[in-house]
Amino acid sequence: MAELSRRAALLTGGAAALGALVAASPAQARALVGWNWSPSDSVAGSGAGVDPHWVWDADGDPLLASLFERGLIPRINELLWNWERNDQALPDGLPADLRGFLEHARQLPAWADREKLEAAAEFNKARGIYLNLCNGPGGGILATAIPKEARAVYHSAGGADMEDRVAKTSRFGFSVGALDAYRPEGTCVVECVKTRLVHAAVRHLLPQSPHWRNGAAEDIPISQEDMLVTWHTLPTFAMRTMREWEVAITDDEAEAYLHVWQVTAHVLGISDEYIPATWAAAHAQSDQVLARNMGPTPEGVTLTDILLGQLAEQTSPGSVSRPMCNALARYLVGDRAADWNGLPREPVWDRVIPEAWPAVVEFREGLITAPLVPEAAWALDEAARQYLYLYLTKWQETKIVIPTGNRPE
């Protein structure tokens, strides 16, 4: 069995048994583990305990299939284009069944805590550069190392225009991290509900693609498990990574950060019985679902190349290069996921970044003064700034809409 990198061990919680699972194929990992995460560890506190691999969206999926059959998707996209604020009334003209679904879907769960949501907003503000690096290139590159997600993205309409796909993903991500995320004037509820519609549309469309069917191990994409896997590449991965970087985080801040993502999972359509109630429960669930769902694909290699190419092209001359992007991605996700995604080794930057980035963190945490920060650390800090600039500018350019087809071939 190949040795796990430090990052891979971190990602899987460092458990020896799970190290063997990560080294195995996703199918082998599934056979070894099954589903043994208890719903008593969820925000619901109970549940049927059904393997989420076999659960999708019982309300959204038949609705979207019906809307497609009635030829209503283009008109719905027009009507929903300017629906943006959490407190904004739904536009007139929507089909009655869709209106009822949206009104129900936009409601926060009874267990949502406004004080924790506000605390999470302040935490996102204070730790934004770390969170956006973890959730952006970190979560993005991890996502391309998830075979089912990589294939679904590549063969869906979004895979043919990755700039637009990245823009829509960043729009969603920044809505979660915004100060007003779940306030009436915020946009997070709308972005989550629109994303839920997109997921249901993709479940309807992708099975019609012979290209996706030829490589897919499932009949229906984006199960509840698939959504959980993606969820863990965002808050769970970010929290573990920040802990490894020794970022100062209080227990209250950690709890608030988890809570905003718990609420987000609910509004995205993840069943409460699968949403972890605590960080310990999240880590345990992450260990299980990531182990059985990660691996290499040709689609993942292609998407990784596109994503890092976009980042390198958008940065200012001299501040960051594609080799630095490659090495930064490898540092964030570890050797195993980087190798699965076809990232080349960068002899210079692969040595520099593990030494320089901790200096950036220490400077930002007030542990060292500016004169002691090495020059390479400032270059990395600029790369992080440029990454944020890329996503912030992309965020202004597009909106989440329901796809009307698969990847054009």
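This is a short walk through one predicted protein model, from the whole chain down to single residues.

First, the ground rules. The model is predicted, so local features need pLDDT of at least 70 and side-chain atom pairs count only at pLDDT 80 or more, while totals for chains, interfaces and linings use all residues. Residues are numbered from 1 along each chain as its sequence is written, and side-chain values use heavy atoms, with hydrogens and water left out.

The overall picture, then. The protein chain has 20 helices and 0 strands; both are DSSP runs numbered from the N terminus, at least four residues of H or I for a helix and at least two of E for a strand. Of the 409 residues, 55% are buried. Buried here means under 20% relative accessible area, exposed means over 50%, and partly exposed is in between, with a 1.4 Å probe and protein chains only. The accessible surface is about 16,900 Å², and carbon and sulfur atoms hold 54% of that. Those areas come from the Shrake-Rupley method with a 1.4 Å probe, and for residues only the protein chains shown count as cover.

On contacts, the term means heavy atoms within 4.5 Å. Taking contacts between residues at least 6 apart in sequence, 75% join residues at least 24 apart.

In soluble globular proteins, nonpolar side chains tend to be buried together. In this chain the largest nonpolar core has 106 residues, and those with the most contacts inside it are Leu 64, Leu 102, Tyr 182, Trp 245 and Tyr 257. Helix H11, residues 188–205, gives the most to this core, with 11 residues. By nonpolar core I mean a set of buried Ala, Val, Leu, Ile, Met, Phe, Trp, Tyr and Cys residues joined through side-chain atoms within 4.5 Å.

What does Leu 64 contact, leaving aside neighbours within four places in sequence? The partners are Ile 73, Leu 197, Ala 200, Ala 201 and Ile 402. Pro 74 sits in helix H5, residues 73–80. Its relative accessibility of 46% makes Pro 74 partly exposed.

The axes of H7, residues 114–126, and H14, residues 251–268, come within 8 Å and cross at roughly 110°. H7 is therefore roughly perpendicular to H14. The axes are lines fitted to C-alpha atoms, for helices over the stretch in contact, and angles run from 0 to 180 degrees between N-to-C directions. Under 35 degrees counts as roughly parallel, over 145 as roughly antiparallel, 65 to 115 as roughly perpendicular, and the rest as oblique.

On the H7 side the contact involves Lys 116, Leu 117, Ala 119, Ala 120, Phe 123 and Asn 124; among the H14 residues they meet are Tyr 257, His 259 and Val 260. By class, this contact has 8 nonpolar, 2 polar and 3 charged residues. Ala, Val, Leu, Ile, Met, Phe, Trp, Tyr, Cys and Pro count as nonpolar, Asp, Glu, Lys and Arg as charged, and the others, Gly among them, as polar.

Past H14, Gly 269 is in the loop between H14 and helix H15, 279–291. Gly 269 counts as buried, at 16% relative accessibility. Beyond its neighbours within four places in sequence, Gly 269 is in contact with Arg 196 and Gln 224.

Leu 308, in H16, residues 298–314, is buried at a relative accessible area of 3%. Not counting residues up to four places away, Leu 308 touches Ile 141, Arg 322, Cys 325, Asn 326, Ala 329 and Leu 343. Thr 236, in H13, residues 224–244, is buried at 1%. Its contacts, with neighbours within four places left aside, are Trp 231, Trp 279, Ala 282, His 283 and Ser 286.

Last, backbone angles. Most residues other than glycine have a negative phi. Which way does the phi of Ile 222 go, positive or negative? Positive, at about 55°. Ile 222 is in the loop between H12, 210–215, and H13, and is buried at 16% relative accessibility. Glu 246 also has a positive phi, near 65°. Glu 246 lies in the loop between H13 and H14, and at 65% relative accessibility counts as exposed.
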